Amino acid sequence: MAKAMTQKAAPGLGLDADLARKLLRDMLLIRRFEEKAAEAYALGKIGGFLHLSIGEEAVAAGATSVLRPDDYAISTYREHGHCLIKGSDPRRVMAELFGRVDGLSKGKGGSMHLFDKEHNFLGGHAIVGAHLPIAAGVGFAIKYRGGDQVVLCYFGDGAVPEGEFHEALNLAALWKLPVIWLCENNRYAMGTSLERALAQTEIWKFGETYGIPSEPVDGMDVLAVRAAVGRAVERARRDKTPALLEVRTYRFRGHSMRDPAGAVYRTKEEVEREKLRDPILLFRDRVLKPGVLSEDDVKKIEKDVNDLVDEAVAFADASPEPPASELFTDIFKESA
Amino acid sequence: MAVMTYREALNLALREELTRDPNVFVIGEEVGLYEGAYKVTQGLLKEFGPKRIVDTPIAESGFTGVGIGAAMVGLRPVVEMMTFNFALLALDQIVNSAAKLHYMSGGQYNVPLVIRGPGGPAHQLAAQHSQSMEVYFYHVPGLKVVRPSTPMDAKGLLKAAIRDDNPVIFIESETLYNVKGEVPEDPDFVIPLGQAVVRREGTDVTVVAYMGMMYRAMEAAEELAKDGISVEIVDPRSLQPLDTATIIGSVRKTHRAVVVEAGAGFAGMGSEIATEITEEAFDDLDAPVLRVTGAQAPMPYARNLERAKTPTKEKIADAIRRVCYANGSR
């Protein structure tokens, strides 16, 4: 029976069917969601900048899988996946991308500024490096109150040469704040390769500089991400030690929809070679071979995800634009 | 009422708010062990401990961001800038994060944050340490900007700023820390942001001025009274929100206005107030609105050049005479 098959844990993977299903589902959700977002962008339903994380899905799926709902996550402008997996309703995320009133921020933030207070997702920040000190501040508040949550702070390799990376890592290490610094190293800051941007390209080594645990992680392997972030989270929860993880990944698409091919600064061969390490295909093979999941299981996950994303697009399409009065609301919070 | 210095009034406001609300904390360079570069935080470390009086390394962007993050999840940080000149290192945090998070999140996250410290012209501190910084902030939607001129205002407005649910830029002055005045001791005494005050009543001309310029305008007014010119002085106290109603109301009475500001005049607060008066009360005016501003030059070090750069009592008095058409003819 398929059911019995799926309950079998894969030897050495430490992986049961429920976890396998969740990780695969989460990665597929990001992929399908962003594929649909790209289509909507081409149709003019989404404007401005749209940055896709296709190829990088294992990072959000693996990292979030070890967080509690009351833990915080904070991210960059390439954050659809981080936000969705933290728990946000795909319909409201898509509506935000469409600039509609049912979006997470009533259409006032857009793709680069997703926020979801209910799920402790602290944003979508689009000035490179700026949210790292903010993440340290959230860690400060956790410690101030004597809580045991952690902050997961995603940033790209492009933030590492920024001063705020160093200020924030120093403060978090100095004050022992429960922040997981998760660098999504996709090797290109827009079109500038790591080698053209950093004197030290082994980003995880900056952790040694600041005296905090740090390691490089294979970001195409969702279980490796899960294990590394799991270790960091446990340490941060227990004794407030921050950590720096350099998660090595790759974006299959360009920097944004305005750089669709990403072909000027990297070779086609390189992109094709990296696509062989597609985190979703790798993980699917990994769970199918030992029979953790069956082909039918995978098909069902794919169908559920497709339905969810189709529903999100329909919801966003049907949602009205924000009323004109929204221009002047939320500038200041009215005091009680 | 007690008589105390501007510095002591700020210190008292901090102590009262730290006592009232455990979510309030003070963070910045030299605020704890050193007790503040200008001693505004004197005694706070001893009274409230290192958890709530937090010394930082020199990392303005870093610790301002820490304040913003802590505020997003419910604390109420008071970030000290040793001087506001250093706030430029944190300008992105203030402008792109603190000011906009509430709006960009559709009202989900707010940032109850105060950034305070001295700014404006000081004595022979030269170009990098002696300049008016408010212009960089009041232009930005989402920031409130306060410039308190007296000890009473320093206390009442700082308490209001700390209790406000939004980011407030609170710029003091090195030159006013030793000014003495009466201050209410009531721990619930607050002055709401966005309310100007008439410092001196008069009938012939309205002068809008704040901080050190307000005191110079008062001196000019005393002198002009001897010539029979009656000067009304309005101190806006908060520049964003700006209490234009009080300013316009005064101009409707006097029919003349002079706006004084210490900073360079180009696109400054004087331009804004002069425009507001012209748009709202043009028909009430008997003379063009004049501005008295700092010269459009960096602050020089030499004493004579510093004086030439800055609005003086004489320059203010001269502008008042001109709008009264009383220059040279008397």
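Which domains does the domain assignment of chain B give? The assignment gives domain 1 (2-183) and domain 2 (197-323), with bounds that come from an automatic or database domain assignment. Everything below describes a predicted model, where local features need pLDDT of at least 70, side-chain atom pairs count only at pLDDT 80 or more, and totals for chains, interfaces and linings use all residues. Residues are numbered from 1 along each chain as its sequence is written, while chains are lettered from A and ligands numbered from 1 in the order in which they are written.

**Figure 1. Chain B as a whole.** Let's start with the overall picture. Chain B averages a pLDDT of 97, and 99% of its residues score at least 70; pLDDT is the predictor's confidence in each residue, from 0 to 100. The model scores ipTM 0.96 and pTM 0.96. Chain B has 13 helices and 14 strands, where helices (H or I, at least four residues) and strands (E, at least two) are DSSP runs numbered from the N terminus. Its C-alpha atoms fill a box of roughly 65 × 45 × 40 Å along the principal axes. The radius of gyration of chain B is 20 Å, which agrees with the value near 20 Å for a compact globule of 330 residues; this radius is taken over C-alpha atoms, and the globule rule is 2.2 Å times the number of residues to the power 0.38. Of the 330 residues in chain B, 58% are buried. A residue counts as buried if 20 or more other C-beta atoms lie within 10 Å of its own, exposed if 12 or fewer, and partly exposed in between, with C-beta atoms placed from the backbone.

**Figure 2. Where the two domains of chain B meet.** The centres of domain 1 and domain 2 of chain B, taken over C-alpha atoms, are separated by 26 Å. Across the boundary, 23 residues of domain 1 are in contact with 22 residues of domain 2; contact means that the C-beta atoms of two residues, placed from the backbone, lie within 7 Å. On the domain 1 side, α6 (126-129), α7 (135-138), β6 (144-146) and α8 (151-163) of chain B each supply at least two residues. β6(B) gives the most to that side, with three residues. By class, the domain 1 side divides into eleven nonpolar, eight polar and four charged residues. Here Ala, Val, Leu, Ile, Met, Phe, Trp, Tyr, Cys and Pro count as nonpolar, Asp, Glu, Lys and Arg as charged, and the others, Gly among them, as polar.

**Figure 3. Chain B against chain A.** In this view, 32 residues of chain B are in contact with 32 residues of chain A. The elements giving two or more residues to the chain B side are α3 (60-72), α4 (91-98) and α5 (101-104) of chain B. α3(B) contributes the most, with nine residues. The chain B side has eleven nonpolar, 17 polar and four charged residues.

**Figure 4. The largest nonpolar core.** This core has 205 residues, of which C153(A), I180(A), L245(A) and I320(B) touch the most other members. A nonpolar core is a set of buried Ala, Val, Leu, Ile, Met, Phe, Trp, Tyr and Cys residues joined through C-beta atoms within 7 Å. Helix α2 (residues 17-42) of chain A supplies the largest share, eleven residues. The core also draws at least three residues from each of domain 1 and domain 2 of chain B. Leaving aside neighbours within four places in sequence, the contacts of C153(A) include I74(A), H131(A), I180(A) and W181(A).

**Figure 5. Helix α10 of chain B and what follows.** The buried residues of helix α10 (residues 244-254) are T246(B), I247(B), I248(B), S250(B), V251(B) and T254(B). They pack against β9 (197-200), β10 (205-208), β11 (231-235), β13 (257-264) and α11 of chain B. After α10(B) comes H255(B), with a positive phi near 70°. Not counting residues up to four places away in sequence, D286(B) touches H255(B) and R256(B). D286(B) is found in the loop between α11 (269-281) and β14 (290-294) of chain B, and it counts as exposed because it has 12 C-beta neighbours inside 10 Å.

**Figure 6. R216(B) in helix α9.** R216(B) lies in helix α9 (residues 212-225) of chain B. This arginine is buried, because 23 other C-beta atoms lie within 10 Å. Not counting residues up to four places away in sequence, R216(B) touches P311(B), T312(B), K313(B) and I316(B).
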